[in-house]
Amino acid sequence: MFRFGLRRLRQLDRPLSLLSAGSARSSSGCAPELPAARVRSTFLEFFRQRHGHLLVPSSPVRPRGDPSLLFVNAGMNQFKPVLLGTVDPRSAMASYRRAVNSQKCVRAGGKHNDLEDVGRDVYHHTFFEMLGNWSFGDYFKEEACSMAWNLLTEHYGIPADRLYVSYFAGDAASGLSADEETRQIWLDIGVPPSRLLPFGLKENFWEMGESGPCGPCTEIHYDHGGGRDAAQLVNADSPDVVEIWNLVFIQYNRETDHSLRLLPRFSVDTGMGLERLVSVLQGKRSNYDTDLFTPLLHAIHQRSKVGAYRGLTGAADQGKVDMAYRVVADHIRTLSVCIADGIHPGMSGAELVLRRILRRAVRFCVEVLQAPPGALASLVPVVTHTLGDVYPELHTEVDRIMDIVNENEAHFLSSLQQGSRLIHRTLNKMDQKHGVFPAPVVWSLHRDLGFPLDLVDLMLEERGVRVDRQELDRLVAGNLK
C-alpha cells in the first residue's frame, strides 16, 4: 500500500514547466541556472498548487508576543501557537492544516547570532529567507519525505546522486529508539542505504527550547563535488557537503522536568534556506555569487573607489576589501527589511542590534570601500528591486528606509573619524612588541563615541593588535553595576 502511494504521488507530480527531463546540465549537475525569484516561487507553488498548502505571508521580523526572541529567526516562529496548542480557537490560524511560506529571518543577537561571522566567509548572513512547509495534524513522515524528494530531484533537477540523507539514530539515555520508520521511507523512495546516515540528538533531534514540542528530524545534504562517496563529510562542517533541508517530525513535548510526552497530534515543520538552495541550483559555492547578491555587489563597486569584488577570504583578501563588500551587501538587506517592519536603530534590544549593524556597515562602506556619504542608503532601491516583489512593504517604505539610514550614518560619521584618529594615535604610542591595545581607550570609544565593541575589535584586528580583554570586561562589568 505504501509503495503504491508513492508511485501514485510521483505520477501526479509531473515537473513544473520551468524544467524538462532533457534540459542541459550546469557545472553543478543541476538544471540550467534558475533566477532566485523562480527558485522561491517554484517552492511556494509546488506546495500550494500541487499539495493544497495555504500560502501564509511572512510575518514581520519583529516577534509578536514572544519576549524570548529579539528577531524572528526561523520560519516556525509565527506558527508556535499552533505547535504549542495555545492558538486562539477563534483565529484563522486555528484552522490551519497545511501551510507554506518564505519567512524573513534575522540572526543577529540572542541565541542565534551570526553578526560577527558575516564577511569573514562566503555563507554567513544576518538576514536570510527560510522556505518552509508545515502540516498541523494532517500528513506526516511519508508525505513530507516524498514531497521534499520530488521537489528537489524532479522540479529543481538536482541529481539524486548528489544528495545524502540523515535520520535520527536514537538515544538510549533519553529512552528514544532509532527512527527506523523514516529510514524505511527513504529506502522505499529510492535512497541507497550507503547515503542514509544515522546521527544522534545534536544533529537529528530538534527542540524548540528547554521545553515544548520537539521530535526527530531528517536532513537532506548536497555534495557540491559529486562523483564520489562523500558520506564521511556529512555533518562534518565541510563547505563541500552542506545541509539544504531539515524536515522535523514534531511528535513529543519536552516537559519542564525534561521528560518526553507523546503528543496527541503529530506535526511537520520544515526549513530550507533560500540563499543556500539558490547557490546549489546556480552552481555556486558562495551565496554571494548568486543573483540575490550580485546586483548589490555591482552597485557597491559603482559607488566605491576600490576594485571589483573577487570573492576572496582570509589572508588572500588584502585590505579586507572583499570582506567589506560582503558586510555591506548583507547589512543593507538586514537594515532594509528591519526598518520596513518597524525596527529602527536605537539603544536597547533589537534596536541596539540594528544600530550595531548600521554602524558596522557605515564603517566598512566609508573607510574600506572609500564610498562617499550616502552611498549606503543609495543601495536600498537595489534591495527593493531584488526582494520587493515577495515582500511588498519594501516598496512602500523605500524612502523612509533611506532617510533613516542617511540620518543614522550622518550621526556616526563624525564619531567614526574621531575614533579612527584616537586608535591611530594610541597605536603610535604603543609598545608594538606586545600588541595589546589599552582597554580604557576601547571603553572610551564605546561609551563616548558609540562604537560597538565588536566593531572596535575588527578595527584593531586589521592592525594586528588585540585589546586587553580581561581589563575591558572589568570596565564593562563596573559600568553595569
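Which residues in H11 meet which residues in H12? The legends below answer this for a predicted model and then turn to other views of the chain.

**Figure 1. Helices H11 and H12 pack against each other.** Helix H11 covers residues 380–387 and helix H12 covers residues 393–429. Val380, Pro381, Thr384 and Leu387 of H11 meet Leu394, His395, Val398, Ile401 and Met402 of H12. By class, this contact of H11 with H12 has seven nonpolar, two polar and no charged residues. The two axes come within 10 Å and cross at roughly 165°. Angles over 145 degrees count as roughly antiparallel, and H11 and H12 are therefore roughly antiparallel to each other. The crossing of H11 past H12 is right-handed.

**Figure 2. Overview of the whole chain, with 15 helices and 11 strands.** The radius of gyration of the chain is 24 Å, close to the 23 Å that the globule rule gives for 481 residues, so the chain is as compact as a globular protein of that length. Along the principal axes, the C-alpha atoms fill a box of roughly 80 × 55 × 45 Å. Of the 481 residues in the chain, 55% are buried. When contacts between residues at least 6 apart in sequence are considered, 72% of them join residues at least 24 apart.

**Figure 3. Helices H2 and H7 cross at roughly 115°.** Helix H2 spans residues 36–51, helix H7 spans residues 274–281, and their axes come within 10 Å. That angle makes H2 roughly perpendicular to H7. The crossing of H2 past H7 is right-handed. On the H2 side the contact is made by Ala36, Val39 and Arg40, and on the H7 side by Leu274, Leu277, Val278 and Leu281. By class, the contact of H2 with H7 has six nonpolar, no polar and one charged residues.

**Figure 4. Thr42 is a buried residue of helix H2.** Thr42 lies in helix H2. With a relative accessibility of 4%, Thr42 counts as buried, because buried means under 20%. How far apart in space are Thr42 and Leu151, C-alpha to C-alpha? The distance between Thr42 and Leu151 is 8.9 Å, although these residues are 109 residues apart in sequence.

**Figure 5. Helices H10 and H14 pack at an angle of about 30°.** Helix H10 contains residues 349–368, helix H14 contains residues 453–462, and their axes are 10 Å apart. H10 and H14 are therefore roughly parallel to each other. From H10, the contact is made by Arg356, Arg359, Arg360, Arg363, Phe364 and Glu367. From H14, the contact is made by Asp454, Leu455, Leu458, Met459 and Glu462. By class, the contact of H10 with H14 has four nonpolar, no polar and seven charged residues.

Figure 6. Is Thr334 buried or exposed? At 0% relative accessibility, Thr334 counts as buried.

**Figure 7. Lys320, in the loop between helix H8 and H9.** Helix H8 comprises residues 294–303, and Lys320 lies in the loop between H8 and H9. Lys320 is not a glycine, yet its phi is positive, at about 55°. At 22% relative accessibility, Lys320 counts as partly exposed.

**Figure 8. His258, in the loop between strands E8 and E9.** Strand E8 covers residues 241–254 and strand E9 covers residues 260–273, with His258 in the loop between them. His258 has a positive phi of about 75°, although this residue is not a glycine.

**Figure 9. The buried residues of helix H13 and the glycine that follows.** Helix H13 spans residues 439–449. Which residues of helix H13 are buried? They are Ala439, Val441, Val442, Trp443, Ser444, Leu445 and Leu449. An α-helix has 3.6 residues a turn, so residues three or four places apart point the same way. After H13 comes Gly450, whose phi is positive, near 75°.

Conventions. Residues are numbered from 1 along each chain as its sequence is written. This is a predicted model: local features need pLDDT of at least 70, side-chain atom pairs count only at pLDDT 80 or more; totals for chains, interfaces and linings use all residues. Side-chain values use heavy atoms; hydrogens and water are left out. Axes are lines fitted to C-alpha atoms, for helices over the stretch in contact, and angles run from 0 to 180 degrees between N-to-C directions. Helices (H or I, at least four residues) and strands (E, at least two) are DSSP runs, numbered from the N terminus. Angles under 35 degrees count as roughly parallel, over 145 as roughly antiparallel, 65 to 115 as roughly perpendicular and the rest as oblique. A crossing is left-handed if the near helix is turned anticlockwise from the far one by less than a right angle, and right-handed if clockwise. Contact means heavy atoms within 4.5 Å. Ala, Val, Leu, Ile, Met, Phe, Trp, Tyr, Cys and Pro count as nonpolar, Asp, Glu, Lys and Arg as charged, and the others, Gly among them, as polar. The radius of gyration is taken over C-alpha atoms; the globule rule is 2.2 Å times the number of residues to the power 0.38. Buried means under 20% relative accessible area, exposed over 50%, partly exposed in between (1.4 Å probe, protein chains only).
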